[in-house]
Each structure stands twice: as structure tokens, then as C-alpha cells.
Amino acid sequence: MKKVSIIDVAKKAGVSVSTVSLVLRQKGKISDATIEKVQAAINELGYVHNIAAANLRANTSNLIGLILRDFSDSFSIKVMASIVQELESQGFMVFLGQPLNEHEHLERCLLSFKQQGVAGLSIWASDVNRDTLPAQIRQCPLPLVVVSQSPIKEACNLVPAR
């Protein structure tokens, strides 16, 4: 079976490829009627928008790296599930990392996130006896949001979890 392309959708809808692209990205001023035609063509043809390819062309990403070390704590799981739901509702996809330690495992996890092109990073700082972030996290160039039940000394985007 031939893969359906954006060109096929444009032909079926009777519009230009750039119009289909604008509809897919929800950009520009496009009439409701045109949007409906494009959506109908997408549905009829079974077109699947390749977001990874679009992100590559635009040099952007909808991926967020999420680090959660302790899966045994039900509170942590509930908080992270809420974060994932919110990110997904905003069009992001989450990559989950569970480094077993702060050394080579965390380093490998961060490298993997960078290789996948994540747009940002969120970490669950689950150790209530620690008020600093691991050095690898502090030095990571990715945008960071820290979720923690206790204050963190470093200047960071902090979401208190209570």
C-alpha cells in the first residue's frame, strides 16, 4: 500500500500543498470551509502527519525529557502522570528516563534526550533530604523544570509538589 503524502491530500482537497501544511500546523488565516475540505481529505485518504519530519524541517521539537528515578512512590507517579497529561494536552510527547544513579546512568539518560532532540527537560527531585540538583542537570543546556516537594537552592524553574 502506497504511503499517502501531503501532495495526495492537497489534490484530493483541491488546494495547494502549502494550504494543507498550514492546516496541519494550525497556522495562517484559512477559512473554516477549506479546513473542513482538508480534514475530509486527510480522513478519507488516511493521511498521517509525520510530526518528527516537520520538526526536523523547522528545527523544533515537541519532545520533553522526563526524569523520574523512583517508581515505587505512588505520590511521585501521580504527580508525573499529571505532568504527562498536561504536556500531551499541549501537543508534547514525553520521553521517560529512569537513571539508576547520578553518575553514568544520568549522563547516559541526558545524552539520549539530547540525541532525540528534546525541547526541554523536567526532573522529579524526589530526595527530600537534598536541596541541590545533580551537577549533570545543572550543566545541561536544555530548558529545565524541576518538580520537588522541598526547596531547591539553585535558581531554576521550580514547581512545588505538595
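Helices (H or I, at least four residues) and strands (E, at least two) are DSSP runs, numbered from the N terminus.

Before you click on, a word on the model. It is predicted, so local features need pLDDT of at least 70 and side-chain atom pairs count only at pLDDT 80 or more, while totals for chains, interfaces and linings use all residues. Residues are numbered from 1 along each chain as its sequence is written, and side-chain values use heavy atoms, with hydrogens and water left out.

**Stop 1: helix H1**

Select residues 6-13, which make up H1. Its buried residues are Asp8, Val9, Ala10 and Ala13. Now look at the start of the helix: a side-chain oxygen of Ser5 comes to within 3.2 Å of the backbone nitrogen of Ile7. That is a polar contact, a pair of N or O atoms within 3.5 Å; within protein, one must be able to donate a hydrogen and the other to accept it, and residues adjacent in sequence count only if both atoms are side-chain atoms. Just past the other end of H1, Gly14 has a positive phi of about 75°.

**Stop 2: H1 against H2**

H1 and H2 pack at about 105°, with axes 8 Å apart, which makes the two helices roughly perpendicular. Axes are lines fitted to C-alpha atoms, for helices over the stretch in contact, and angles run from 0 to 180 degrees between N-to-C directions. Under 35 degrees counts as roughly parallel, over 145 as roughly antiparallel, 65 to 115 as roughly perpendicular, and the rest as oblique.

Show side chains for Ile6, Ile7, Val9 and Ala10 in H1; they meet Val17, Val20, Ser21 and Leu24 in H2. Ser21 is partly exposed, at 22% relative accessibility.

**Stop 3: H2 against H3**

Bring in H3. H2 and H3 have axes 10 Å apart and pack at about 90°, so they are roughly perpendicular too. On the H2 side, pick Thr19, Val20, Val23 and Leu24, which meet Thr34, Ile35, Val38, Gln39 and Ile42 in H3.

Zoom in on Thr19: this H2 residue is buried, at 19% relative accessible area. Leaving out residues up to four places away in sequence, Thr19 touches Ile30 and Thr34.

**Stop 4: the cores**

A nonpolar core is a set of buried Ala, Val, Leu, Ile, Met, Phe, Trp, Tyr and Cys residues joined through side-chain atoms within 4.5 Å. For the largest one, of 17 residues, select Ile67, Leu110, Leu121, Ile137, Leu144 and Val146, which touch the most other members. Strand S1 (63-67), helix H6 (104-116), strand S3 (120-125) and strand S4 (144-148) each give two or more residues, and H6 gives the most, with four. A second, separate core has 12 residues, including Val4, Val9, Ile30 and Ile42.

**Stop 5: Asn62**

Last, go to the loop between helix H4 (51-58) and S1, where you'll find Asn62. Is Asn62 buried or exposed? Asn62 is buried, at 17% relative accessible area. Its side chain reaches the backbone oxygen of Gly91 at 3.4 Å.

Terms used:
Buried < 20%, exposed > 50% of the residue type's maximum accessible area, 1.4 Å probe, protein only. Contact = heavy atoms within 4.5 Å.
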